[in-house]
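Visitor: I would like a quick tour of this model. Please show it first, then take my questions.

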Amino acid sequence: MREACAISAQALKLIGSAIEPGVSTLELDRMAEKFIRSKGATPNFKGLYGYPATACISINNEVIHGIPASNRILKSGDIVSVDLGAEFGGFNGDNAATFACGDVSVEAKRLMDVTRESLYEGIKRACPGGRVGDISAAVQQYVEANGFSVVRNYVGHGIGTSLHEAPEVPNFGVSGRGVRLVPGMTLAIEPMVNAGSYDVKVMPDGWTVLTKDGSLSAHFEHTVAIMADGPKIMTEV
């Protein structure tokens with residue numbers, strides 16, 4: 001699992017470093033797939049539920065599941081959410097981050113900062129003896145205190161020999177509720193945060209999720225192990 005997560009993290013970092021005006025999302029996706037396979041791993045998104053690519057690459061008001069394409073060319077001012085993972089030796093890694101393409105607006109920068117920090121607020125609460133709701137409440141409280149909203153329709157999840165496992169890990173909820181956290185659990189914690197309303201809609205492609213009001217959205221994710229002495233981030237490079 002450590003190896004799967006390390007490969008996932010390295011692939012995400014590689015894609016992030018390649019984001020610049022003029023690059024297509026398909027180029028980024030091919031780069032990610034080539035890297036993951038070069039490490040003897042498999043892109044675990046590709047083919048999952050019929051998804052056609054290695055990475056989900058979502059731009060501006062796209063929340064998640066944006067499909068890479070040759071005609072999707074990045075421009076300065078875009079914020080670009082990349083979500084990807086790798087399977088290695090029967091285990092899975094999963095991570096995501098939102099990157100700035102060139103110079104972005106003050107609002108976009110603040111949205112990205114708050115979303116990233118909300119992830120770490122949630123991770124702090126991923127401790128043995130606690131509950132999933134502790135993570136959920138920490139994310140929600142931080143996001144809403146900063147004037148943004150947490151997406152309700154999509155949530156984090158357990159991860160291990162399958163990419164998506166129980167339990168669900170919502171980014172909203174009440175502390176002290178939900179599944180008990182015990183050492184050995186591995187969770188994908190992934191705040192999806194909108195600058196406006198939390199309402200979303202799905203595009204006709206059946207995959208791409210947009211903010212309903214057209215506001216910007218950001219997405220950050222780590223795979224985290226619950227250890228006896230607290231949380232350990234598995235997808236950190």
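Guide: One term first: two strands pair if DSSP finds at least two bridges between them. Keep in mind that this is a predicted model.

Visitor: In strand 10, which residue is the bridge partner of Val150?

Guide: Strand 6 and strand 10 (residues 192-194) are antiparallel and share two bridges. Two bridges are enough, because a pair needs at least two. Within strand 10, the partner of Val150 is Val193.

Visitor: Which are the edge strands of the open sheet?

Guide: The sheet has three strands in the order 6-10-13, with antiparallel pairing. An edge strand pairs on one side only. The edges are strand 6 (149-150) and strand 13 (217-219).

Visitor: Is the peptide bond from Ala166 to Pro167 cis or trans?

Guide: Pro167 sits in strand 8. Most peptide bonds are trans. From Ala166 to Pro167, omega is near 0 degrees, and the bond is cis.

Visitor: Which residues are closest to the centre of the largest pocket?

Guide: The largest pocket has a volume of about 380 Å³. Its lining counts 21 residues. By class, 11 are nonpolar, six polar and four charged. Closest to the centre are Tyr49, His65, His157, His164 and Glu190.

Visitor: Is Tyr49 buried or exposed?

Guide: Tyr49 lies in the loop between strand 1 and strand 2. Its phi is positive, near 55 degrees, and it is not a glycine. The cut-off for exposed is over 50% relative accessible area. Tyr49 has 61% relative accessibility, so it counts as exposed.

Visitor: And Asn60, is it buried or exposed?

Guide: Asn60 also has a positive phi, about 60 degrees, without being a glycine. It lies in the loop between strand 2 and strand 3 (62-64). Buried means under 20% relative accessible area. At 18%, Asn60 is therefore buried.

Visitor: Which element supplies the largest share of the lining of the second largest pocket?

Guide: This pocket has a volume of about 280 Å³. Its lining has 17 residues, with Leu12, Ala96, Ala97, His222 and Thr235 nearest the centre. Helix 1 (2-18), strand 5 (91-100) and helix 3 (106-124) each supply at least two lining residues. The largest share, five residues, comes from strand 5.

Visitor: How many charged residues are in the lining of the second largest pocket?

Guide: The lining splits by class. Nine residues are nonpolar and four polar. The charged residues number four.

Visitor: What does helix 1 span from its first C-alpha to its last?

Guide: Helix 1 has 17 residues. At 1.5 Å a residue, 24 Å is expected. The model comes close to this, with 25 Å.

Visitor: Against which elements do the buried residues of helix 1 pack?

Guide: The buried residues of helix 1 include Ala4, Ile7, Leu12 and Ile15. Cys5 and Gly16 are also among them. The buried residues pack against helix 2, strand 4, strand 5 and strand 14 (222-227).

Visitor: How far apart are the end C-alpha atoms of helix 2?

Guide: Helix 2 (residues 25-38) has 14 residues. At 1.5 Å a residue, these should span 20 Å. The model agrees, with its end C-alpha atoms apart by 20 Å.

Visitor: Against which elements do the buried residues of helix 2 pack?

Guide: Buried residues of helix 2 include Leu26, Leu28, Phe35 and Ile36. Asp29 and Glu33 are buried as well. The buried residues pack against helix 1, strand 1 (42-43), strand 2 (56-59) and strand 4 (79-88).

Visitor: How far apart in space are Asn171 and Tyr154?

Guide: Asn171 is in the loop between strand 8 and strand 9 (186-189). It counts as buried, because its relative accessibility is 1%. Beyond its sequence neighbours within four places, its contacts include Tyr154, Val150 and Glu190. Asn171 and Tyr154 are 17 residues apart in sequence, and their C-alpha atoms are separated by 8.7 Å.

Technical notes. Residues numbered from 1 in each chain as written. Predicted model: local features only at pLDDT ≥ 70, side-chain atom pairs only at ≥ 80, totals over all residues. Heavy atoms only, no water. 1 Å grid on protein atoms, 1.4 Å probe; cavity = no way out; pocket = protein on both sides within 12 Å on 5 of 7 lines; lining within 4 Å. Points joined across faces, edges and corners; volume = space filled by probe spheres on them. Nonpolar A, V, L, I, M, F, W, Y, C, P; charged D, E, K, R; others polar. Helix = DSSP H or I, 4+ residues; strand = E, 2+ residues; numbered from the N terminus. Expected span 1.5 Å × (residues − 1). Buried < 20%, exposed > 50% of the residue type's maximum accessible area, 1.4 Å probe, protein only. Contact = heavy atoms within 4.5 Å.
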